[in-house]
Amino acid sequence: MRKYQGTRVIIAGALILVLVAVLLFSTYGQTGQSEDESTLIQASSHDIGDINGHLYGGAQMAQGMVYETLVENTVNGPGPRLAESWNISEDGKVYTFYLLKNVTFQDGEPFNAQAVKENIDAVQRNKERHAWLALASRIVSCDVVDNYTVKLVLSEAYYPALNELGYTRPYSMMSPGCFINGETKDGVSGYIGTGPYKLTEHVEDQYAAFEANPDYWGGEPGVKKIIRKVLPIGQTTLLALQKKEVNFLVTETGGNMLDVQAVRDLGKTGDYRITQSDPVSTKILLVNTGNPESPLAEKPVREAVWYAIDRDSLANDLLGGEDFPAETLMSKAVPYCNIDLKVRNFDPEKARQILDAAGWKLENGSEYRTRDGKTLKFNLCYFSAKAGQKAMSELIQSNLKAVGIQLELTGEENNACYDRRKTGNYDMLFDVTWGVPYEPHCTANILKPGGSYGDTTKGLPEAEKLYRKVDEVLASRDEAARKELYTEIFSTVHEEANIIPLTYGRLTAISPKNLENVHFLQNQYELPFKDLQFE
């Protein structure tokens, strides 16, 4: 009898343990909540992916939590990070970095000059993958001077070198202990940096958990745990925020997880704080000028499209005033871009006049213009996974129809749109600029053949001249000459209407009311989680 009672006790105890385990798993797996109310649970529309700091497959926001770079891009230009100071040779070809001491990677390995060299060398052995960065083609060597000093030697002067070393990828510093046979281009054995957070758990397409790095050289972060939970855009995410299953969200570049009204309603509950950034990027239409069979090869048609689009309605009616109407590719706040350019306000009558003068006539009873039996029509591709782009594209379609242009819309997944941008398989393509600190130099560089915007320039009559100016400005060491060259480059792009601006976009953060110090970086793809703390 006693034995039976003992068995019952054991079974009951086991059941309780199982029940507790199930409850814990259920709470964590389904809601991401924990008993610690100071845990930040972020909603995201996508998994963190492969956050190898030398590659691009992972979420940059997650990479920025784990890895750090030699310098940091700030509103005042590149500032110290893992390098506490540096100097640049007279000819602009040699950068000498003096590293912070007593910094360790999250696996306990020391951060020093040898680690920097191994990281830079690993990135450069895969430099074809980083061709979008002009710096990758200019690095000749990275040399160890002493334990805390390294020299980076370039083939020629390149003024944005520090900016590009401050991008989280590809020049993140990872522990050489996670390299595979000394390389990172084919994968790493772990995600180990010097950053403020460590990745502690990852269930693909469900969630990733990050814990504060207690040995972080800048001091342990205030928020001890951050869970990034994958949720679909729209109603599911809204309900999760209302139920507190998640308590943090930052809008995605080029499209949000929630519409404007939903964000406003959350702000009115008193449970959340809504924080917005200054404009960080420009929503644009890339126009392919390289197809002589397309009406868009003609400058008058591109100009007519520009005049026909109602940017005020895009910004205010569709986006609820969250964006601002844009009349130039770069806002005047971008370095070197405070340029006086021709204003093309919304003016459908002027668009009609331009098209009439170009021979595109609207016959009585016809919806669309024709010339020599050919209808004035082309296609616009947009990212279907980014909320807002479909509605914006439909309004643009309506605007163009009002002046006699037939616009066909194609919504596709991200990778399909990126493939079109890469191959030039589009008439017009919805896109979003990278924003500062990538601008203006990165955007200028990708105007060249092979760049992401190369198909917008290859049909321009002065394309070769434009490309030479891009090369000149990137090598320029004279501030006045640099300013003049950028003025010429972006004046040409504006005048040719091969990239049509729509709106200047901002970031929005939805955070618990007791979370303090929510702010943004220059880089729109990351957030300074290390600065956050609960009251």
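The model in your viewer is a predicted one, and the count of salt bridges in it comes to 28.

**First stop: Arg 81 and Glu 68**

Side chains of opposite charge can pair when their charged atoms come close. Select Arg 81 together with Glu 68, and you will find a salt bridge in which the closest N and O atoms are 3.1 Å apart. Arg 81 sits in the loop between β3 (77–80) and β4 (83–88), while Glu 68 sits in the loop between α2 (60–66) and β2 (71–74), so the pair ties together parts that are 13 residues apart in sequence. Are these two residues buried or exposed? Arg 81 has a relative accessible area of 14% and is buried, and Glu 68, at 1% relative accessibility, counts as buried as well.

**Second stop: Asp 323 and Lys 283**

Now select Asp 323 and Lys 283, which form a salt bridge whose closest N and O atoms are 2.6 Å apart. This pair links distant parts of the chain, 40 residues apart, with Asp 323 in the loop between α9 (311–318) and β14 (324–325) and Lys 283 in strand β13 (residues 281–287). Asp 323 counts as buried at 5% relative accessibility, and Lys 283 is buried with a relative accessible area of 12%.

Next, select Glu 495 and Lys 299, whose side chains meet in a salt bridge at 2.8 Å, N to O. Here the linked parts of the chain are 196 residues apart, since Glu 495 belongs to helix α16 (residues 479–496) and Lys 299 to helix α8 (residues 299–308). Glu 495 counts as partly exposed at 32% relative accessibility, and Lys 299 is partly exposed with a relative accessible area of 26%.

**Last stop: helices α15 and α16**

Keep α16 in view and select helix α15 (residues 463–475), whose axis comes within 9 Å of the axis of α16 and crosses it at roughly 150°. The two helices are therefore roughly antiparallel to each other, and α15 passes α16 in a left-handed crossing. To look at the contact itself, select residues of α15 including Leu 466, Val 470 and Val 473, which meet a set in α16 including Leu 485, Tyr 486 and Ile 489. By class, this contact of α15 with α16 has seven nonpolar, one polar and four charged residues.

Conventions: Residues numbered from 1 in each chain as written. Predicted model: local features only at pLDDT ≥ 70, side-chain atom pairs only at ≥ 80, totals over all residues. Heavy atoms only, no water. Salt bridge = Lys/Arg side-chain N within 4 Å of Asp/Glu carboxyl O. Helix = DSSP H or I, 4+ residues; strand = E, 2+ residues; numbered from the N terminus. Buried < 20%, exposed > 50% of the residue type's maximum accessible area, 1.4 Å probe, protein only. Axes fitted to C-alpha atoms, helices over the stretch in contact; angles between N-to-C directions. Parallel < 35°, antiparallel > 145°, perpendicular 65-115°, else oblique. Left-handed = near helix turned anticlockwise from the far one by under 90°. Contact = heavy atoms within 4.5 Å. Nonpolar A, V, L, I, M, F, W, Y, C, P; charged D, E, K, R; others polar.
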